[in-house]
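I opened my notebook today to look through one structure, step by step. Have a look at it with me before reading on.

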Amino acid sequence: MFNPAKSRPNATNQFIHPFTQLAEVEDDGPNVIVSGKGVTVTDRDGRELLDGFAGLWCVNIGYGRSEVIEAAQRQMSKLPYASSFFGFANEPALQLAEELVRLSPESLQHVFFTLGGSDAVDSTLKTIRYFFNVTGRLEKKHVIGLERGYHGVSSTGAGLTGLTGCHRFFDVPLPNQHHIPSHYRYRSSYGVTDAEIISGSVAALETKVADLGGSEKVAAFFCEPVQGSGGVIVPPEGWLAAMRDACAKLDILFVVDEVITGFGRTGQLFACDWERVEPDLMIIAKGLTSGYSPMGAVLMNDEIYRALVDKVPRDLPFAHGFTYTGHPVSAAVALACLEIYERERLPENSKVVGAHLLNGLDALREHPWVGDVRGKGLLAAIELVANRETRESFDPRLNVSQLVRRKAYENGLIVRAFSDNIIGLAPPLVVGEGDIDQMLDRLTRAICAAQTDLREA
Ligand SMILES: Cc1ncc(COP(=O)(O)O)c(C=O)c1O
C-alpha cells in the first residue's frame, strides 16, 4: 500500500543494475533505451544508436519484428501460462523441444527449458550430479572449465565461470570447480601455432583430470565454442573437436555452452556445427528467443536422459524445474524466431557480413592502440594495448575500454567494453554491410576521441 511516510528514494538507485559500477551509475544515471527498429535503438534523449551488441548479444533477428510480436500476442490471448510440472505441458513448448532436437547436433535428443542461460548452466550442473549419483558413480564431483570462460552467475555457475571479477567477494569457485588456461592466442600460455594451442589444451585437461584423482573423480568439462565475455576469444580450428575427443577418452562429460554462439552468431546455426562436434550436453539461451522473451534450455544425450527415467525409484519425480519451465509465450516466440533464422538464412548472413566486419576491423590494426583483432561470424573484438610491440596493457585505472564505449555512445554506436581493454561487437544478424561500415566509422571516431581525451588528461 502507498506509504506517505516513506521518503522518496533516489530515482537513480531503486533499480540495481547487474554488472555495473553501482557508484558510477548513481552519479551519471542510466542510459535508458526506449525503442528499437532493425539494428537501431533510441534512447530517452532521442539519440539514435546503432546497436553493435544486439542488446546483450541476443537480439539476433533485430528489433520490431512483427512476426514474433504477433506470435506472442496470439499465444498470450490463447493461453498465457501453463505449468510443465506434474506431467502438464503446452503445445508450443512440446513443438519447440521437437524442433530443437531436429536442429541441434545428432547426439542431443532431449530438452529441459529454463528462463535464461545462468539457470540453464545451473540445471546442467544439477543434472550431471544427479546422473552420476543415480548411476552409482558417487565420486564424480569435480568440474573443469576454462580460464576467461563465462557460464553465468548462479551461485554454482559463477564458480565455473573463469573470470576473477565474478568470483571476488562471492566465495567461489567452490572446491570442486577448476580451470585450465584459455586457448587465448594473443596472450597464450600454450604457444602460438594452432597445433601448439590444441595439444597444449588437451594436455592441460589430461593433467588436470589426473591431478584431481582421475576420471572416477571428474564429472565434466565445460566450454564455450568461442569465449564470449572473456573477450571474444576464438579457438583455432579443430580445438573444439579435439577437446570433445579428449573428454570421451577421459570418460568425462563434454558440455558446450552455446548461449552466445547458438542461433547463427558464428555463421552456423550452432558453433558445434563447424566441426560436427556432438556434445553430451548443450546450453542455449539468448538467440533462442532473440531476447524478445526470456528462455534458455539444456539439451542432453539419450544416455543421461534415460538414467533420469530408468535409474530412479518409480515414486521419485525428477524434482527440478521452475514455474516458468517451458513457458508457452516464450516457446511461441522461440518458434517464430526459428522460422526467421531459417527463412532469412541468418547464419549465412552472419558468415558473409561477419567476414566484412572482420575485414573492417583488420584495417583498424593501423591504429597504434589496436593490438589484436579477432572474431567469427558476427562475433568480434579488438584488444587495445598501450604498446603494440610488447603487447603491454593499459593501466587498468585509465579504464580505456569504458572510455571508448562512452565515446562510441556519443557517436551513435553501442559496443561492449570488456575488462582488459577489449571492445566487443555482436550486432543483430540482420545487419547489412552498409550498417557495418557505419559502425566501423563510428568506432574509429570513438577510439580517436578517447585517445585525444587521454592525451589531454
Ligand atoms: C556463454 C554464456 N553462458 C551463460 C550465460 C548466462 O546467461 P544469462 O545471462 O541469460 O543468465 C551467458 C550470458 O551472457 C553466456 O554468455
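I began with a term: a polar contact is a pair of N or O atoms within 3.5 Å; within protein, one must be able to donate a hydrogen and the other to accept it, and residues adjacent in sequence count only if both atoms are side-chain atoms. I noted that this is a predicted model, where local features need pLDDT of at least 70 and side-chain atom pairs count only at pLDDT 80 or more, while totals for chains, interfaces and linings use all residues. Residues are numbered from 1 along each chain as its sequence is written, and side-chain values use heavy atoms, with hydrogens and water left out.

**Entry: the ligand**

I found Gly116, Gly117, Ser118, Tyr150, His151, Gly152, Glu224, Asp257, Val259, Ile260 and Lys286. Gly117 has a backbone N or O atom 2.8 Å from an oxygen atom of the ligand. For Ser118, an N or O atom in the side chain is 2.6 Å from a ligand oxygen atom. Asp257 places a polar side-chain atom 2.7 Å from a nitrogen atom of the ligand.

**Entry: two domains**

I then turned to the domains, whose bounds come from an automatic or database domain assignment. Domain 1 covers 22-61 + 345-456, and domain 2 covers 67-343. Their C-alpha centres lie 27 Å apart.

How many residues of each domain are in contact? I noted 34 residues of domain 1 against 34 of domain 2, contact meaning heavy atoms within 4.5 Å. The two domains bury about 2800 Å² between them, 58% of it on carbon and sulfur atoms. Buried area is the accessible area (1.4 Å probe) that two parts lose on being put together, summed over both. In domain 1, Trp57, Ile61 and Lys376 lose the most area to domain 2, together 25% of what that side buries.

I also saw 21 residue pairs in polar contact between the domains, both residues at pLDDT 80 or more. By class, the side of domain 1 that touches domain 2 has 19 nonpolar, six polar and nine charged residues. Here Ala, Val, Leu, Ile, Met, Phe, Trp, Tyr, Cys and Pro count as nonpolar, Asp, Glu, Lys and Arg as charged, and the others, Gly among them, as polar.

**Entry: salt bridges**

A salt bridge is a side-chain nitrogen of Lys or Arg within 4 Å of a carboxyl oxygen of Asp or Glu. I found that the structure holds 21 salt bridges, and that two salt bridges are counted between domain 1 and domain 2. Arg148 forms a salt bridge with Asp420, the closest N and O atoms being 2.8 Å apart.

Val172 and Pro173 are joined by a cis peptide bond, with omega about 0°. Phe263, a residue other than glycine, has a positive phi near 65°.

Terms used:
Near = heavy atom within 4 Å.
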